[in-house]
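Here is a short report on one protein chain. Look at the sequence and the model first, then read on.

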Amino acid sequence: MACGPKISPAVQTPTLKYLYKMFSIWEQETVLRPQDVVIAGGGFAGLWSAFHLRRRYPKAKITIIEKELLPSGASTRNAGFACFGSLGELVADEAELGTEDMQRLVELRYQGLRQIEKWIRPGRIDLDWCGGYELFPPGQLSLERLENDIDHINKTLQPITGKRRTFRDVSKKRARFGFGHTEHLVFNKLEGALHSGRLAAELLQQLQASGVRWLPGVAVTAFTELSGGVEIRSSAGFALRSRYLVVANNTAAGTLLPEIEVTPARGQVLLTSPIEGLPWRGTFHADEGYYYFRNLGNRVLLGGARNKAFEEERSDERSTTPLIQGELERFLDEVVLPQRKGTYRIEHRWSGIMGMGTEKWPVLKAVRPHVVAAVALGGIGVAVAPEAGKRVAKLIEL
């Protein structure tokens, strides 16, 4: 297998030659040696791209460059959903995108979730196919409309999942769960939960064991196209030659690939103290997926409400705001735990930054002869990234 062009004084640019003088011969011939693929971004899009590249090219030289010490954009700062999609979300997607494109998006998620189960032992990442529920408030839709939507979406998804009844009405459970402002409850048996931090750590451990290099705390700042490859500049003062560059970082995409529009979307989350006798477990959605909550042991993890302030939440600042956190607390008190107000406290709050494209479909394509983009996973990267990485790997020929 070719390992990329050799770097010699005769072909070095003045800047690259200067940068190389900063490093020892040992560093130049190990850490800074030419690569087959450099991946900018160590979140799930980058990790799964590296995973499938390693399977496709067992001897390739692959490096992941991650600007943070942790992959903290959204991959390890989410709510830990193995997200198939709720009924209300899929009905809205079909109305916006059309039936075929809605099916394509569901298939991308479904195949991605199956890959997680295939390649990672469930116990190592707390993967639990607990099923998911969606809450519908009084007056949002009639029982007849609900039954029609369930029947239609089930038939539409059967060619993808092989299941006759992905969604079903389980409104009889409302009283047992104790939710407020809820008229209908729909169950989805293909939804699950996992520990996204352990998933990222497990993938990274497997990749490093296979020889993939991990360079944290370094940002890719620019690249230059060369004959047969690229020269990649970094914030740490070094440059790498590589046959391919995969841009898997939403923030970097805006700088490195200005033709791709990726809008930041902040997702805020809170976590309660333990709640004695929590009457439900599983994953839950409301308002077309804009609100989502689950149990974490006997605590409640709740996130979302971005639709209450779209403009303010188009931010790449990893902070929480009184407006969204206040709305999450209102939803917690009035809908999730209406009989428990005052019996718990909020123990933790955080946020993560998702990448949204101009369409709901992620950007997975070659944008230059030796540059591939894997960005804008739309807030469902846990589910989408495994299949996205597989498709990225197929775009690279070594």
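This is a predicted model: local features need pLDDT of at least 70, side-chain atom pairs count only at pLDDT 80 or more; totals for chains, interfaces and linings use all residues.

Residues are numbered from 1 along each chain as its sequence is written, and side-chain values use heavy atoms, with hydrogens and water left out.

**Domains**

The chain is divided into domain 1 (33-76 + 198-261 + 360-395) and domain 2 (125-191 + 263-355). The bounds come from an automatic or database domain assignment. Over C-alpha atoms, the centres of domain 1 and domain 2 are 31 Å apart. Contact (heavy atoms within 4.5 Å) links 13 residues of domain 1 with 8 residues of domain 2.

An open sheet is formed by 8 strands, in the order 5-6-4-13-14-15-12-16, with mixed pairing. Strand 5 (167-169) and strand 16 (346-356) are at the edges; each has a single partner strand, so one side of each lacks a neighbour in the sheet. On average, neighbouring strands are turned by 20° against each other, direction ignored. Helices (H or I, at least four residues) and strands (E, at least two) are DSSP runs, numbered from the N terminus. Two strands pair if DSSP finds at least two bridges between them.

Thr272 stands opposite Ile346 in strand 16.

**Helices across the sheet**

Axes are lines fitted to C-alpha atoms, for helices over the stretch in contact, and angles run from 0 to 180 degrees between N-to-C directions.

| Helix | Lies across | Angle |
|---|---|---|
| Helix 4 (residues 87-97) | strand 4 (132-136), strand 5, strand 6 (184-188) | about 75° to strand 4 |
| Helix 10 (residues 322-336) | strand 4, strand 12, strand 13 (283-286), strand 14 (291-296), strand 15 (299-304), strand 16 | about 50° to strand 12 |

**Cavity**

The structure holds 1 cavity of 30 Å³ or more. A cavity is a set of points, on a 1 Å grid over the protein atoms alone, where a 1.4 Å probe fits but cannot get out; lining residues have an atom within 4 Å of a point. The largest cavity has about 40 Å³ of space. Its volume is the space filled by probe spheres set on the points, which are joined across faces, edges and corners.

Residues lining the largest cavity include Gly85, Ser86, Leu87, Phe167 and His285. Strand 4 gives the most to this lining, with 3 residues. Strand 4 and strand 6 each supply at least two.

Conventions:
On a 1 Å grid over the protein atoms alone, a cavity is a set of points where a 1.4 Å probe fits but cannot get out, and a pocket is an open set with protein on both sides within 12 Å along at least five of seven lines; lining residues have an atom within 4 Å of a point.
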